[in-house]
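Dear colleague,

Please find below the structure that I am handing over to you. My notes on what was found in it follow directly after.

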Amino acid sequence: MHHITRRTRAAAVAGLAFAAVTALSACGSGGAGSAAKARDAAAPSASGSPSASAAASGNAAYSASELARRAAEAVGDDSLNVVIGGVIEDGSSLDVTGCMRGGTDARLVGTMSGGHVELVMVDGHGYVKADLAVYEAMSDSGPLNDGQRAVIERAMGGKYMDLEDDDDSDGTTSVTDLTNLAELLRDNATDATKGETTTVDGRAVVPLVVHPDTDTTTTFYVPVDGEPFPFRVTERVDSTTENTVFRLSHADTPCSVTAPDPGDVVPTDQIETVLQKAADELGLS
């Protein structure tokens with residue numbers, strides 16, 4: 001199962017919500033993750049079945065399944081620049097940029113919910129670091145009190161959470177799928193459909209549509225002419241206004257990332273213990 005937005009949520013938010021915010025109950029507050037999804041109201045609709053006109057040329061002349069395979073090859077395992085921007089479901093802005101490669105390496109840095117967030121993925125293993133504003137935005141019980149803020153700052157300030165190898169069983173998802181765009185295309189090529197040729201960012205494109213989940217529509221915008229590299233990808237969750245926008249380009253330099261220093265990493269299963277220890281040290285338990 002592939003779902004870009006939910007993978008993004010897992011990489012940047014859900015790991016934190018799953019452990020760190022839940023553990024705040026020791027300090028009188030609980031929380032749940034906020035989905036990192038951006039609106040893209042201008043995304044054109046796609047037809048329900050592949051159809052190329054008699055005058056179709058270039059990449060538009062390929063069947064949807066063949067175009068999906070060619071687009072996957074164009075993405076390949078090369079290093080990519082990526083920009084993800086928009087509005088999170090709580091109305092806060094999302095703006096992260098960075099690079100990713102294959103399905104194994106990535107570094108994305110920016111702002112979310114008014115705070116700083118950083119994702120590092122090395123050989124498919126993910127780490128996320130966020131500041132207090134991000135934690136607070138994930139709290140369902142409203143603004144954190146001074147004690148709760150102090151505990152988070154002491155326990156997690158400057159630290160990365162080790163996202164480990166999450167799967168769908170606990171509501172989170174593997175961060176490795178964040179960068180597996182080529183695999184997503186290959187896995188869904190048979191059922192892919194094409195929309196009418198349109199213009200996006202001043203370029204003639206073929207909207208290539210796949211449905212990685214029953215409630216999800218992912219659209220790859222493939223240029224009509226030249227390399228079938230999908231420079232823009234949008235994902236829409238059915239019956240909602242929440243969407244994610246990825247802008248992609250080939251990177252001139254390798255996406256080189258390194259894992260955080262072990263001393264700066266807190267394993268997911270130790271978050272509650274670390275927060276409780278901080279509360280004890282501050283006399284707030």
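To begin with the aromatic rings, the count of aromatic pairs comes to 0. Under the rule applied, rings of Phe, Tyr and Trp (its six-membered ring) pair if their centres lie within 6.5 Å; planes under 30 degrees apart count as stacked, over 60 as edge-to-face and the rest as tilted.

Please note that this is a predicted model, in which local features need pLDDT of at least 70 and side-chain atom pairs count only at pLDDT 80 or more, while totals for chains, interfaces and linings use all residues. Residues are numbered from 1 along each chain as its sequence is written, and side-chain values use heavy atoms, with hydrogens and water left out.

Rings do take part in contacts with charges. The charged end of R203 sits over the ring of F231, 4.4 Å from the ring centre; for this, NZ of Lys or CZ of Arg must be within 6 Å of the ring centre and within 35 degrees of the ring normal. R232 lies over the face of Y221, at 6.0 Å from the centre of that ring.

As to the overall fold, the protein has 6 helices and 13 strands, taken as DSSP runs numbered from the N terminus (helices H or I, at least four residues; strands E, at least two). Of its 285 residues, 51% are buried, that is, under 20% relative accessible area with a 1.4 Å probe, protein chains only.

In soluble globular proteins, nonpolar side chains tend to be buried together. Here the largest nonpolar core has 58 residues, and those with the most contacts inside it are L208 and L248. Such a core is a set of buried Ala, Val, Leu, Ile, Met, Phe, Trp, Tyr and Cys residues joined through side-chain atoms within 4.5 Å. Helix α2 (residues 64-75) gives this core its largest share, 7 residues. Leaving aside residues up to four places away in sequence, L248 touches N81, V82, M100, L181, F229, P230, F231 and V233, a contact being heavy atoms within 4.5 Å.

Finally, the structure holds 1 disulfide, meaning a pair of cysteine sulfur atoms within 2.5 Å. The bond joins C99 to C255, with S to S at 2.1 Å, and is right-handed, with 70° about the S-S bond. C99 belongs to strand β2 (residues 93-101), whereas C255 lies in the loop between β12 (243-250) and β13 (265-267), 156 residues apart. Both C99 and C255 are buried.

With kind regards

Notes
Buried < 20%, exposed > 50% of the residue type's maximum accessible area, 1.4 Å probe, protein only.
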